[in-house]
Amino acid sequence: MAEVKKSFPIVSTLIVALTASYFLIPLYATFQFSLQMLRGQWSLESYRSVFSSDIFLATVRFSTLASLTAIVVGALIVVPTAYWVRLKLPKLRPIVEFISLMPLIIPPVVLVFGYIRLYGSNSFLPLTMSNGGTNLLLVAGYVVLSLPYMYRSVDNGMAAIDIKTLTEAAESLGASRARTVAAVIFPNVRSAILSGAFLTFSISFGEFVLASLLNRPAFGPYLVQTGQDRAYEPAALAIMSFALIWVCMVMMQLFAARRPGQRLLPRLAPKRARIVTP
């Protein structure tokens with residue numbers, strides 16, 4: 001039989017190259033501009049200026065803590081809900097999925113104005129009158145914004161395991177329903193939770209609308225304010241933000257491909273001792 005030669009995919013390669021250039025060329029231009037803070041030479045002076053700023057470190061610390069809190073709260077809400085719906089209320093699953101998609105329909109500005117009206121100075125629970133209460137509203141907003149991504153990740157993770165058999169096995173050993181969720185379900189959907197966690201972090205860390213209107217010292221408002229006052233530092237901040245998002249995406253892909261109980265990195269085989277013969 002004559003061997004059929006495969007032709008080179010010119011059209012597909014051209015489409016991929018054009019798509020990549022649409023993303024990479026502006027990114028390279030931004031990176032090059034961030035290196036030109038010192039006239040006549042390329043340097044990392046803009047990055048040094050950013051890292052030497054106390055305001056930058058404070059905003060990064062605040063946004064990191066708020067995002068991590070949102071991840072924990074979101075996981076504690078979504079995992080038991082998705083578990084209970086799949087186990088006991090499968091007919092309500094379309095309704096729960098629709099509710100989880102509502103944050104994609106409702107703009108964040110509507111959400112934050114609703115928080116301000118409900119928990120303002122005239123409310124029975126005036127959370128906006130204190131820093132702690134306003135921080136609580138910000139974390140709640142982050143949880144709502146990340147709900148579609150966290151729920152989808154966890155629900156897909158539960159679809160890959162037999163939660164009914166795991167529940168029956170745990171209950172046969174005397175475990176309560178809460179212990180079953182904590183000790184059996186959570187470890188088996190750990191990769192799915194981490195995938196949703198990285199998405200939540202990438203969304204919450206640079207979020208602007210909620211943090212700005214709630215007047216919180218977060219990274220998103222700092223990035224916008226720096227862009228209005230400086231020239232080279234915003235380019236450096238943009239590059240660092242892109243790097244952070246890509247790290248989150250790579251970590252999400254690594255954890256999403258893991259099976260329950262699988263190690264993230266392969267274990268190195270121990271070296272065998274050499275036997276010396278006389």
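Which element gives the most to the lining of the largest cavity? Helix α7 does, with four residues.

## Basis of the model

This is a predicted model, in which local features need pLDDT of at least 70 and side-chain atom pairs count only at pLDDT 80 or more, while totals for chains, interfaces and linings use all residues. Residues are numbered from 1 along each chain as its sequence is written, and side-chain values use heavy atoms, without hydrogens and water.

## The cavity

One cavity of 30 Å³ or more is present (on a 1 Å grid over the protein atoms alone, a set of points where a 1.4 Å probe fits but cannot get out). The largest cavity holds about 40 Å³ of space, the volume being that filled by probe spheres set on the points, which are joined across faces, edges and corners.

Its lining (residues with an atom within 4 Å of a point) consists of Gly74, Ile77, Val78, Val143, Ser146, Leu147 and Met150. Two or more of these residues come from each of α3 and α7 (131-159); helices are DSSP runs of H or I with at least four residues, numbered from the N terminus. Five lining residues are nonpolar, two are polar and none is charged (Ala, Val, Leu, Ile, Met, Phe, Trp, Tyr, Cys and Pro count as nonpolar, Asp, Glu, Lys and Arg as charged, and the others, Gly among them, as polar).

## Packing of α3 and α10

In α3, Val60, Ser63, Thr64, Ser67, Leu68, Ile71, Ala75 and Val79 meet Ile193, Ala197, Thr200, Phe201, Ser204 and Phe205 of α10, with contact meaning heavy atoms within 4.5 Å. The residues of this contact comprise nine nonpolar, five polar and no charged.

Note on methods
On a 1 Å grid over the protein atoms alone, a cavity is a set of points where a 1.4 Å probe fits but cannot get out, and a pocket is an open set with protein on both sides within 12 Å along at least five of seven lines; lining residues have an atom within 4 Å of a point.
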